[in-house]
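Here are my notes on the model you sent.

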Amino acid sequence: SPRLLPKALSVDETARLLQSVEDDDPVQSARDLAMFELFYSSGLRLAELVALDCDALDAVMQEGEIRVLGKRSKLRLVPVGSKAREALAAWGAVRSELARPDERALFVGVRGARISPRMVELRLERRALLLGLPTHVHPHMLRHSFASHVLQSSGDLRAVQEMLGHASIASTQVYTHLDFQHLAKVYDAAHPRAKAKPHG
């Protein structure tokens, strides 16, 4: 049923969302960009993002990947792209201006403690409005966009399943419906028996 299909942003809309925003608070702006770049780069769930601690930043900078504790306490390693690493480094440089001295959370709110999932949603909504995006944007949409864009480029359902931390491939297969025309074109171009060969 089409109602069950996740909504994804186009590649252009995602690029627009991840532009820098003329914001009254550069520290919060740096945090927001780091959060949203990481969502899109690594396909994290909202709960996984807010649960990250500062030691995750060291791992990203050294190894280019992040360890995430997902559903059913399943640990997975996900790659972090260069744009997200840049944004995280910029946030890491100013985090102490917002965070309490003893706070372990990577992302903090204005009171200096771990940011709440609701605040992440509100900040993303605000950013989408400021940048004139035509659609209501929520964090899960960045996860969906990550999945569908990686799938469009690679066609590798197993790799996407692994990165999203889906226990079942059936959960990942929903993304194959997002851009069926694109996949059909790839199939027609790539499958040896998809095209009728001229006789002769």
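Is aspartate 53 buried or exposed, and what is its relative accessible area? The points below start there.

1. Basis. This is a predicted model, in which local features need pLDDT of at least 70 and side-chain atom pairs count only at pLDDT 80 or more, while totals for chains, interfaces and linings use all residues. Residues are numbered from 1 along each chain as its sequence is written, and side-chain values use heavy atoms, with hydrogens and water left out.

2. Aspartate 53. Aspartate 53 is buried, at a relative accessible area of 15%. Here buried means under 20% relative accessible area, exposed over 50%, and partly exposed in between (1.4 Å probe, protein chains only).

3. First partner. Aspartate 53 and arginine 104 meet through their side chains in a salt bridge of 2.8 Å, N to O. Because aspartate 53 lies in the loop between helix H3 (46-50) and H4, and arginine 104 in the loop between H5 and helix H6 (117-130), the pair ties together parts that are 51 residues apart in sequence. A salt bridge is a side-chain nitrogen of Lys or Arg within 4 Å of a carboxyl oxygen of Asp or Glu. Helices (H or I, at least four residues) and strands (E, at least two) are DSSP runs, numbered from the N terminus. Arginine 104 counts as exposed, with 56% relative accessibility.

4. Second partner. Aspartate 53 also forms a salt bridge with arginine 114, and their closest N and O atoms are 2.6 Å apart. This pair too links distant parts of the chain, 61 residues apart, with arginine 114 in the loop between H5 and H6. Arginine 114 is partly exposed, at 34% relative accessibility.

5. Helix H4. In H4 (residues 55-63), the buried residues are Ala56, Leu57, Ala59 and Val60. Viewed down the helix axis, they fall within an arc of 160°, so they line one face of H4; the arc is that of the directions from the helix axis to the C-beta atoms. The face turned away from the buried side carries exposed Asp55 and Gln62. Strand S1 (65-69) and helix H5 (82-94) are among the elements that cover the buried residues, contact being heavy atoms within 4.5 Å.

6. Glutamate 63 and arginine 67 form a salt bridge, with the closest N and O atoms 3.5 Å apart. Glutamate 63 is partly exposed at 42%, as is arginine 67 at 43%.

7. Total. The structure holds 7 salt bridges.
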